[in-house]
Each structure stands twice: as structure tokens, then as C-alpha cells.
2 protein chains.
Amino acid sequence: MNRPNAPLKPLDEAWADLLLQAVPLQGTEKVTTFDADGRVLAQNCISALQVPPQDNSAMDGYAVRCADVTAVGVALPITLPVSQRIAAGSAGDPLLPGSAARIFTGAPVPAGADAVLMQEDCEALASATEGDGLGQVRLNAVPKRGQWIRSAGEDITRGAVVLSAGTRLTPAELGLAASIGLHQLQVARRPRVALFSTGDELVMPGEVPPEQMRPGAIYNSNRFFLRAMLLRLGCEVTDFGIVPDRRAATIDALRQASSAHDLILTSGGVSVGEEDHIKPAVETLGTLDLWQIAMKPGKPFAYGRIGTAHFMGLPGNPVSSFLTFALLVRPFVLRLQGVEDVAPQSIAARADFTWPKADKRREFLRVRHNAAGGLDLFNNQSSGVLTSAAWGDGVVDNPAGQTIASGDTVRFISFAELLS
Amino acid sequence: MNRPNAPLKPLDEAWADLLLQAVPLQGTEKVTTFDADGRVLAQNCISALQVPPQDNSAMDGYAVRCADVTAVGVALPITLPVSQRIAAGSAGDPLLPGSAARIFTGAPVPAGADAVLMQEDCEALASATEGDGLGQVRLNAVPKRGQWIRSAGEDITRGAVVLSAGTRLTPAELGLAASIGLHQLQVARRPRVALFSTGDELVMPGEVPPEQMRPGAIYNSNRFFLRAMLLRLGCEVTDFGIVPDRRAATIDALRQASSAHDLILTSGGVSVGEEDHIKPAVETLGTLDLWQIAMKPGKPFAYGRIGTAHFMGLPGNPVSSFLTFALLVRPFVLRLQGVEDVAPQSIAARADFTWPKADKRREFLRVRHNAAGGLDLFNNQSSGVLTSAAWGDGVVDNPAGQTIASGDTVRFISFAELLS
């Protein structure tokens with residue numbers, strides 16, 4: 001019944017072992033660029049055009065030939081006839097020497113012009129008898145060659161790989177893909193995830209009001225955030241609800257889930273207690289390794305296979321479940337979609353708190369930025385309730401055996417990052 | 001035709017002026033907690049129960065009475081009969097003096113017990129003739145009073161406001177709401193946003209292949225990221241496409257949009273050029289202020305009203321449009337839903353680049369964290385293309401008139417934050 005103390009598995013080792021298993025899924029699909037936010041590119045996006053397509057004006061103003069203004073003997077202000085008017089979307093004629101072209105932001109710079117003077121440096125003269133009825137313009141500044149001209153191809157050259165396969169698309173990338181004319185994109189298919197909760201103590205919110213909860217019962221909360229996090233990662237989620245605490249029923253549910261899903265995710269039932277039915281059920285159908293990860297919260301974790309489906313078992317405590325998802329499942333699910341760089345990014349920040357008691361496990365402390373730019377610690381680091389995760393804006397990744405003094409530089413990982 | 005140089009409006013002033021107009025929308029709706037991710041709470045969530053509901057075990061192990069172990073003359077190891085077995089979800093009987101209860105994580109601690117010994121500190125003895133057929137347990141450690149017991153209400157006390165109205169819900173908050181039994185939540189209704197693009201030069205991707213683009217034409221990219229960013233903020237988006245460059249048609253489209261939307265958003269058509277039809281069209285129906293904001297990229301910006309609808313006009317350059325959305329529209333849309341704290345959070349970071357040329361406007365430089373934890377600068381800060389925004393993981397918020405030397409501490413705002 002008892003077991004020897006299992007050696008703790010370092011988080012980095014667990015991470016590496018898991019990613020070895022996360023072979024990108026077969027299968028892609030074509031979606032419109034409008035609907036590709038959050039999806040992972042399965043193609044390189046190669047530009048068939050230049051951006052900008054031709055030299056164009058970066059300002060509203062006047063296109064000129066510098067030589068007309070800088071010629072020997074010429075002094076400011078200079079008045080030139082306006083020979084044409086070039087709006088965005090139209091093409092101008094070659095600029096005649098000794099004339100200026102009225103030009104607007106984004107409009108192509110006419111042949112012969114080599115600078116744009118912004119209109120704030122000019123004065124339009126309404127004389128309609130000069131300059132083809134477009135009047136004249138008085139230039140109050142000397143243009144520099146190339147000034148306010150965006151060169152053709154300056155932003156994107158023809159043939160350039162603008163976005164690479166494996167890129168997780170955000171709004172900026174949708175815009176970038178659209179800017180080179182792509183209205184559809186080939187993306188990785190959505191991972192299909194089956195979600196189970198285990199535990200006789202779990203009650204679904206809405207089924208029993210708080211005042212009628214039987215002793216020992218608690219509301220299932222993990223299902224809510226796990227589903228939401230999976231959806232944010234682009235997964236299709238099948239929620240199998242709470243698994244009955246009977247071996248045969250559990251085996252049936254797992255078998256059913258394994259045939260149509262890429263990943264089976266459970267919370268609860270992976271500690272070494274006798275009441276956990278998940279382990280023998282998974283082992284009846286496939287393989288399972290129980291890990292004791294050297295992280296806090298979040299020690300127990302399980303990885304296995306049932307047929308072609310991956311199996312991941314998270315601890316049942318809400319904060320443990322939340323953090324093991326963020327640190328282990330999230331990178332796994334992104335890698336399944338072909339994302340290469342899945343490591344959550346930590347940045348340096350200043351602790352405005354003390355953490356006098358070192359732990360033998362690597363700790364993830366829930367913290368929040370204060371007005372002074374430092375980090376405050378949530379006053380209850382219990383793994384039993386999500387208050388800390390809701391209050392915080394991220395976690396401090398604190399190495400095993402380390403205390404923290406106020407003013408220390410620590411590693412911070414933001415929830416905005418872990419939940420995106 | 002020309003205008004005097006308009007004074008530049010500081011970004012903070014533009015921000016404050018806008019938020020003054022952003023009166024939270026009337027109207028809420030009830031959604032299931034499962035579907036509330038990203039929505040804004042329109043109610044306080046008050047707990048009708050305690051979490052945990054009663055004292056419970058934080059470990060798999062044995063519940064004991066400390067007095068049995070610490071009594072005078074008692075020495076380790078101590079063997080006690082196991083008098084009961086308490087699983088999560090069940091309720092135990094009072095613990096008899098001189099006995100131990102097998103207990104599992106989450107199970108209620110029986111009356112009389114005042115500590116839990118984790119099973120790693122115990123040894124089960126299989127003698128079935130003792131302890132009601134549950135055998136005996138040898139305790140190899142001395143428990144401390146309260147050890148491995150989570151106290152009732154330690155995480156959430158009855159009557160506590162667990163989440164406040166105005167909170168923007170993330171997965172952790174869904175879990176927290178579920179943990180106190182809430183299966184439905186009252187949230188602010190989705191803002192209804194009408195999206196327009198302007199500009200004769202714009203072509204929709206898919207309509208014309210790159211090699212057939214006429215001179216001066218560019219693909220509309222703003223529509224793609226603006227729509228995606230609005231959806232991320234919980235908006236309902238009606239995409240009106242590219243507005244025809246004719247006054248009457250523009251007025252018709254704006255009038256139609258204003259009756260059924262809370263916000264009309266355009267990109268392009270707000271600079272002072274003569275080709276911009278938006279300003280007179282909006283002024284025919286309502287009011288419009290054109291601002292020259294002291295930010296770079298992103299100078300031109302318009303705010304107005306048409307009936308009850310807000311009108312916001314973004315610059316047409318993609319990066320300008322992207323950043324003015326992130327810095328001005330995003331907080332506005334969140335405030336419409338009742339979020340109080342809408343300021344994007346900047347954090348201190350180290351510049352691993354130089355920026356030798358100060359600008360008179362506050363600049364938002366596209367940067368990315370490097371492996372050394374510093375920030376690298378994108379080599380092309382042109383506002384014409386989104387490559388910089390796709391490459392970067394955020395912006396440096398650089399004050400007007402300021403240069404940056406390598407190693408300087410700068411203010412960084414992450415895209416993960418600005419896009420969430």
C-alpha cells in the first residue's frame with residue numbers, strides 16, 4: 001500500500017520528455033485569413049509583390065525635383081506651377097522640370113520627382129491661370145533627395161518569406177498575410193481534446209445550490225478553466241464531464257475518447273492515493289507514467305498513450321491543475337500544431353516581497369505588478385483555490401532551494417502570455 | 001487648401017478625453033460560466049459557501065490526534081490501529097482516541113483529529129485482525145498540530161465578494177466563479193462595432209491576384225487585424241467593407257451603421273488631405289474632431305458622434321492603425337463594457353539597441369526580447385507594413401525628445417497584453 005518516496009522529476013526534464021512525444025499532428029486545412037486568428041500556419045507565406053509596390057509619398061504635400069530648388073542662384077521661397085494632382089490609388093505622369101505635383105499620402109511618386117515636401121512646408125497659391133489650372137505652390141523649405149518617399153519593396157521584397165510555417169497567427173499576422181494578397185491560409189488542423197474530471201466529491205455548479213451541498217462535496221471548477229484554456233489554444237474540446245468512480249465505466253469512457261481524439265486530458269486522479277481509478281483504467285488500454293514533478297504547486301502529473309491518443313493527467317487541486325496546464329499542456333498542444341518555440345517567456349522583475357522559506361521544489365508564486373513596477377505576492381499561496389490566479393497577473397518562477405528578499409530580481413511569467 | 005500646423009495633442013490627453021466619452025453601455029446578459037471567457041462581469045460574485053467547506057486533508061495519509069503521539073513516554077515509531085477510511089467526497093466519523101484514520105487528499109478531517117501525517121511518513125501494516133479489519137499504521141514522524149489540514153473557509157469565506165463587477169473574465173476567473181457554485185454569470189452585453197475601410201487604392205485580397213494589381217493599388221490589410229482585435233475584445237463586428245469614395249454613399253453607410261452600432265470604426269481618411277471624404281460625411285450626420293496626436297506611428301486620429309454611436313477614425317497606415325487601436329480603441333471598448341482599469345501595463349526592460357534620433361512625438365518602437373533578456377529593435381520602423389508588429393513581441397514606449405543608449409532601462413508594453 002505504501003510506496004517508497006519517488007524521486008522528484010525536474011520540471012525541465014518533464015518538459016523535455018513531453019515535447020519528445022508531441023509529434024505535430026498530420027492534417028491541415030484551408031481557412032480564410034479573416035478566420036485564422038490563433039491558428040498555426042502550415043505553409044510559408046511568400047510575397048508575390050513588393051510592398052510598397054512603387055515609390056510613394058509618405059506625406060500629403062508636393063512632389064518636386066530637388067534640382068529645381070537647389071540650382072545655383074535659386075533662393076527660398078520658390079514658386080512652382082502645379083502640373084498635376086496624384087491621389088492614392090492613381091498613377092501620375094512624369095514630372096516636368098520646373099513644376100511640382102500635388103501628392104497625397106500613399107500616392108505613387110511620379111517619374112522624375114526625387115523628393116516630397118510636406119504641405120506644412122508649402123503654401124498653395126490659388127492662381128488658376130498658371131499650372132494647368134491647378135495653381136502654383138510656394139516652397140518654404142529645401143527638400144533633401146528621397147525625403148518623404150517610401151521606396152518600392154522597402155518593406156517587403158518580392159519572393160520574401162513573410163511568415164513561416166509554424167507561426168501562431170495573431171491579428172498583426174493576419175494583416176501582414178492580407179497585405180501580400182493572401183485571402184486564405186493553410187493552417188494546422190485543430191487538436192481534438194477529450195476532457196475528463198475525476199472525483200466523487202465533485203458537483204457541477206447549477207446542479208446543487210451551495211446551501212444543499214453534502215459534506216465533502218466541492219464544485220467542479222477545473223473543467224471550466226481547462227476548457228477555456230484549450231479553446232484559446234485552438235483546440236476542439238469534447239467535455240466528457242465527471243468520470244464515474246467505477247473501473248469498467250472509466251475504461252469504456254477512455255476507450256471511446258481515444259478513438260476520436262488526439263489528447264485525453266483529466267484533472268484529479270493522478271496522485272498515489274488508492275482512490276484513483278484513472279491509472280489502472282489507462283493501463284488496461286495503454287501505458288501510463290506517473291510523475292512526481294519538482295514543482296509547487298503541481299507535483300503529480302501523468303503522461304501516457306491510449307492507441308494513437310496522448311493521455312495527460314493533471315492534479316486535482318485547482319491552482320496545481322491551472323499551472324501544470326499552463327507550463328506543460330500548453331506547450332504540448334502548441335507543438336502538436338507545429339509551433340517550434342513553445343517555451344513560456346520569463347522576464348526579469350523586482351520582487352517587492354519576501355519569501356523566507358525555500359522549498360525543495362521549484363515554485364510558481366502568484367504575484368501582481370504594483371504601481372511602483374515591482375511585484376506583490378498574493379497572501380495565500382494555497383493550491384486549493386483559484387483566488388490567487390484570478391488576483392495575480394502572473395507567476396514568479398522561483399528555483400528550488402531559493403529564498404527571496406525584497407528588492408531581489410526574480411523571473412516573472414505573465415498570465416497574458418500563459419493564457420494566449 | 002493649406003492649414004496652419006495644428007498643435008499636437010499629447011497621447012495622455014487624447015486618452016483622457018476619449019475615456020470621458022466612454023460611458024459604459026446599458027444592457028447586460030446572462031451567459032453560462034462555460035461561455036464567459038473574455039466577457040466583463042456586470043455583477044459581484046458573492047460566495048454562499050466556504051472554500052474549503054470544512055477542514056480537509058491536504059495530503060494522502062493518516063489523520064491522527066497529536067496527543068496520542070506526543071504523550072509522555074511515547075517514542076517513535078508508534079503503531080496505531082486504523083479505525084476508518086475517509087475518501088474525498090465522504091464524511092468520516094469522529095476519530096477515536098488511540099486510533100488513526102486513513103485519509104485522502106480533499107477528504108474531510110474527522111472530528112477529534114488535529115493533524116495529518118503524509119503517507120510517506122507512515123507504514124501500513126497489513127494485520128487484518130486489528131483496527132476493524134483496516135490494519136494498523138506505523139507512524140515514523142511526529143505530527144505538528146494543524147499539519148496538512150486545510151481549514152474551512154481558509155480560501156474563501158462565506159459572504160465574500162470573490163469577483164467584482166467590471167472584472168474582465170479569464171479562464172482562472174471562470175474556475176473561481178464555478179468553485180462557489182455559479183453556473184451562470186451576468187455580463188455586459190457585447191459592444192456592436194461597425195467597421196469601415198476607406199481609400200480608393202484598397203483592393204481586397206482574393207479579388208485581384210498580386211500580378212494583376214493596378215499601379216497604386218494595395219491590399220486592404222487593416223480590416224483583417226482590426227476585426228480580429230475587436231473579436232478578441234468581445235465585440236460583435238459588422239464589416240461594411242471598403243467605403244465608396246462618394247459623399248452620398250458614405251453618408252448613407254454611416255447613417256445605416258449608426259442606428260444599430262455602439263461604435264463606428266474606420267481606418268484611413270482622417271489625415272488632412274483633400275481626398276478624405278469621411279470628415280464631411282460624419283459632420284453631415286453628427287460631430288467630428290480631428291486630432292493630431294503626438295505619437296509615432298499614429299498621428300492622425302478622429303473622434304466623433306453620430307446619434308448615440310461613437311465614431312473613431314484611425315490612420316490608414318497599417319502600423320499606425322494597429323497601434324492607435326491598441327492604445328486608444330482597446331481601452332475605450334473595454335470601458336464601454338464596464339472595465340475600470342484599462343491602462344495598458346508597461347514594465348521596465350533593458351534596451352539592447354540604440355535609438356540615436358529623438359522625435360518630438362512619443363514613439364512606440366517595435367521590439368522583441370532576445371535570449372539575453374534584453375530588447376532588440378526591428379530594423380525597419382516604417383509605419384507602412386506590419387512586419388515589425390508580427391516580428392515583435394511588444395513596443396517600447398519612448399517619451400518625446402528622448403534618445404536610447406544600449407543598456408538603458410526603457411518602458412515595454414507586450415503585445416500579449418495589448419491583444420488580450
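What distance separates the centres of domain 1 of chain A and domain 4 of chain A? The centres, taken over C-alpha atoms, are 26 Å apart.

This is a predicted model: local features need pLDDT of at least 70, side-chain atom pairs count only at pLDDT 80 or more, and totals for chains, interfaces and linings use all residues. Residues are numbered from 1 along each chain as its sequence is written, while chains are lettered from A and ligands numbered from 1 in the order in which they are written.

**View 1. Chain A is divided into four domains.** Domain 1 covers 11-27 + 190-336, and domain 2 covers 29-51 + 156-188. Domain 3 spans 56-150. Domain 4 spans 347-418. The bounds come from an automatic or database domain assignment.

**View 2. Domain 1 of chain A meets domain 4 of chain A.** Here 14 residues of domain 1 are in contact with 13 residues of domain 4 (contact: C-beta atoms, placed from the backbone, within 7 Å).

**View 3. Helix 7 of chain A gives the most to the domain 1 side of this contact.** Helix 7 (318-336) supplies seven residues. Strand 19 (295-296) also supplies at least two. Helices (H or I, at least four residues) and strands (E, at least two) are DSSP runs, numbered from the N terminus.

**View 4. A rotation of 180° superposes chain B on chain A.** The shift along the axis is 0.0 Å and the RMSD 0.1 Å, by least squares on the C-alpha atoms of residues with pLDDT of at least 70 in both. The two copies are therefore related as by a two-fold rotation axis. B:A416 comes closest to this axis of the residues of chain B, at 2.8 Å (C-alpha).

Technical notes:
Contact = placed C-beta atoms within 7 Å.
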